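Thanks for making time this morning.

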Amino acid sequence: MKIAIIGAMAEEIIALKEEMTIHKSTEIAHVQFYEGKMSTKDIVLCQSGVGKVNAALTTQILIDHFQVTHIFFTGVAGAVEEQLEVGDIIISTSAMQHDIDASPLGFKRGEIPMFPSSSDFKASTELIKLAEESSIASVHRKVLKGRVVSGDQFIANTELVSDLRNTFNAVCVEMEGSAVAQVATLNNIPFVIIRSISDKANGEASMSFTEFTELASEQSRLIVSNMIKNM
Ligand code: ADE
């Protein structure tokens, strides 16, 4: 077993890096990969950078070069589900790209044209269960399971949020999870995305994101640390 932990930004991985015993650090395609141990488990930790291309590239490197067997994504997200507040937790049941749109060709929004499988990539049921159990012990926040949607856009508009809720039944929005999910699925590697809310993806989203990314990253980190202990 070798567990990959991906975060997009420095704030999302810094505390995990401190928790880890690092044996080796390797740079590939401008991404730094840290190999080592957490709670006796073999870990590869990395910061993918923001957006779906960076996330996809990093995930394929984790699989090909580091032979990881499980993939966890940790980080922050904008709320789509109305009950969610800053610091609350989302465990992905699946992930989709909200910004792929070939509707003029008769495809549904979010559907990847001519793709051999569903475009709603399902997270591992075992890892979802592990995340749920690990969150009970580690955070005192609302924990929701549901569909994560990703796109190469920072969402800061309530109309767009309503659209993501109505079109995709999404619980949160971010910029990497579905790319990790797609690459993991194509390689038959189990994955789960853990996100904590930094903002409500509305007119105040950029201020809220700046203020609460550190706090939200810590909530997500607590669950990931606990998942690794409990594996
Ligand atoms: N990550 C955190 N907040 C976000 C938002 N509002 N839109 C996209 N990604 C995010």
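Let me begin with a term: two residues are in contact if their C-beta atoms, placed from the backbone, lie within 7 Å. Helices (H or I, at least four residues) and strands (E, at least two) are DSSP runs, numbered from the N terminus. What you see is a predicted model, in which local features need pLDDT of at least 70 and side-chain atom pairs count only at pLDDT 80 or more, while totals for chains, interfaces and linings use all residues. Residues are numbered from 1 along each chain as its sequence is written.

With that in place, look at helix H3, residues 125-138, which packs against H6 at an angle of about 115 degrees, with the two axes 8 Å apart. Axes here are lines fitted to C-alpha atoms, for helices over the stretch in contact, and angles run from 0 to 180 degrees between N-to-C directions. On the H3 side the meeting residues are Leu-130, Ala-131, Glu-133, Ser-134, Ser-135, Ala-137 and Ser-138, and on the H6 side they are Leu-222, Ile-223, Asn-226, Met-227 and Asn-230. By class, this contact of H3 with H6 has 6 nonpolar, 5 polar and 1 charged residues, where Ala, Val, Leu, Ile, Met, Phe, Trp, Tyr, Cys and Pro count as nonpolar, Asp, Glu, Lys and Arg as charged, and the others, Gly among them, as polar.

Lys-52, Ala-55, Ala-56, Thr-59 and Gln-60 of H2 meet Ser-178, Ala-179, Val-180, Val-183 and Ala-184 of H5. The residues of that contact divide into 6 nonpolar, 3 polar and 1 charged.

Ala-216 lies in H6, and it counts as buried because it has 27 C-beta neighbours inside 10 Å; the cut-offs are 20 or more other C-beta atoms within 10 Å for buried, 12 or fewer for exposed, and partly exposed in between, with C-beta atoms placed from the backbone. Ser-196 is 20 residues from Ala-216 in sequence, yet their C-alpha atoms are 5.1 Å apart.

Two loop residues deserve a careful look at the backbone. Most residues other than glycine have a negative phi. Thr-40, in the loop between strand S3 (31-38) and strand S4 (41-47), has a positive phi near 70 degrees, and it counts as exposed, because it has 8 C-beta neighbours inside 10 Å. Gln-67, in the loop between H2 and S5, has a positive phi of about 50 degrees, and with 12 C-beta neighbours inside 10 Å it too counts as exposed.

Finally, the ligand: of the 14 residues around it, Gly-78, Phe-154, Ile-155, Glu-174 and Ala-201 come nearest, a residue being near if its C-beta atom, placed from the backbone, lies within 6 Å of the molecule. The elements giving two or more residues to this shell are strands S5 (70-79), S9 (170-174) and S10 (191-199), together with helix H6 (205-230). S5 gives the most, with 3 residues. By class, the shell has 10 nonpolar, 2 polar and 2 charged residues.
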